[in-house]
Amino acid sequence: MPNLVVELNGDAVHAIRAPDRFTASGPFAITFENRGRSTHVHIHFDDDLDRVASVDEANHFVDDEATRHVHVSVAADIREPVRGKLKIVTGYGSETRYIDVQIDPPTETDGDAVAVDETFTKPPERPPEVPFRQRVANALDRLVERGGVPAALLSLVAVVAGVAIAFAVDSVIVSVAVGVVIAVSVTAALLAVW
């Protein structure tokens, strides 16, 4: 089965890198290889291609540093080549890429033969482990995107004030209460950005 590889977020946020042309003679796959932060991708076939090619869903979410495969079904009764454009959109319309696609009629094959996709001969792909530094950078990006910087600063001030009060009062109960509040605050902050 032919495979159309599309790179996302390679050069910049929402960037799309793909070949200018793609040809298939039957069903094919679109493989989105995300090189950065998670993103939404929308795919659309123009009128000519839409008559012979289809996907289950037009909108897809691709996680951080992940690969996503989208199967494209093709009508079996194609008699002549069909040409059209595949539109790929990321970032809710901030970037758009058009690929010229040609779908040729299927070649004559033996009716009893079963075509086996080459990807089945290899073990399934596991997405590469995202390095710790990249996860921290992604978490900080999400913190800034979600407006969490003021909350993080306020939490830091609250923790410092709580520790100061615990030392000033010199009470076991106050120290335990401050410890519980600090643990809950740190856990909530980590869950919010991770």
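The model is predicted, so local features need pLDDT of at least 70, side-chain atom pairs count only at pLDDT 80 or more, and totals for chains, interfaces and linings use all residues. Residues are numbered from 1 along each chain as its sequence is written, and side-chain values use heavy atoms, with hydrogens and water left out.

**Fold**

- The protein has 4 helices and 10 strands. Both are DSSP runs numbered from the N terminus: helices are H or I with at least four residues, strands are E with at least two.
- Along the sequence, the pattern reads β-β-β-β-β-α-β-β-β-β-β-α-α-α.
- Take contacts (heavy atoms within 4.5 Å) between residues at least 6 apart in sequence: 65% join residues at least 24 apart.

**Burial and surface**

- Of the 194 residues, 27% count as buried. Buried means under 20% relative accessible area, exposed means over 50%, and partly exposed lies in between (1.4 Å probe, protein chains only).
- The protein exposes about 13100 Å², and carbon and sulfur atoms supply 59% of it. Accessible areas come from the Shrake-Rupley method with a 1.4 Å probe; for residues, only the protein chains shown count as cover.

**Core**

- The largest nonpolar core has 27 residues. Such a core is a set of buried Ala, Val, Leu, Ile, Met, Phe, Trp, Tyr and Cys residues joined through side-chain atoms within 4.5 Å.
- Val-6, Ile-30, Phe-32, Leu-86, Ile-88 and Ile-103 have the most contacts inside this core.
- At least two core residues come from each of β1, β3 (21-24), β4 (28-34), β5 (39-45), β8, β9 (82-90) and β10 (95-103).
- Beyond its neighbours within four places in sequence, Val-6 contacts residues including Ile-16, Ile-30, Phe-32 and Ile-88.

**Nonpolar patch**

- Val-172, Val-176, Val-180 and Val-184 make a nonpolar surface patch of about 380 Å². Patch residues have over 30% relative accessible area and no salt bridge; like charges are joined within 9 Å, nonpolar side chains (Val, Leu, Ile, Met, Phe, Trp, Tyr) within 5 Å. A salt bridge is a side-chain nitrogen of Lys or Arg within 4 Å of a carboxyl oxygen of Asp or Glu.
- Val-172 lies in helix α4 (residues 172-193). Val-172 counts as exposed because its relative accessibility is 65%.

**Positive phi in loops**

- Most residues other than glycine have a negative phi.
- Asn-9 has a positive phi, near 55 degrees. Asn-9 sits in the loop between β1 (3-8) and β2 (16-17), and is buried at 10% relative accessible area.
- Glu-65 also has a positive phi, about 50 degrees. Glu-65 sits in the loop between β7 (59-62) and β8 (67-74), and is partly exposed at 23%.
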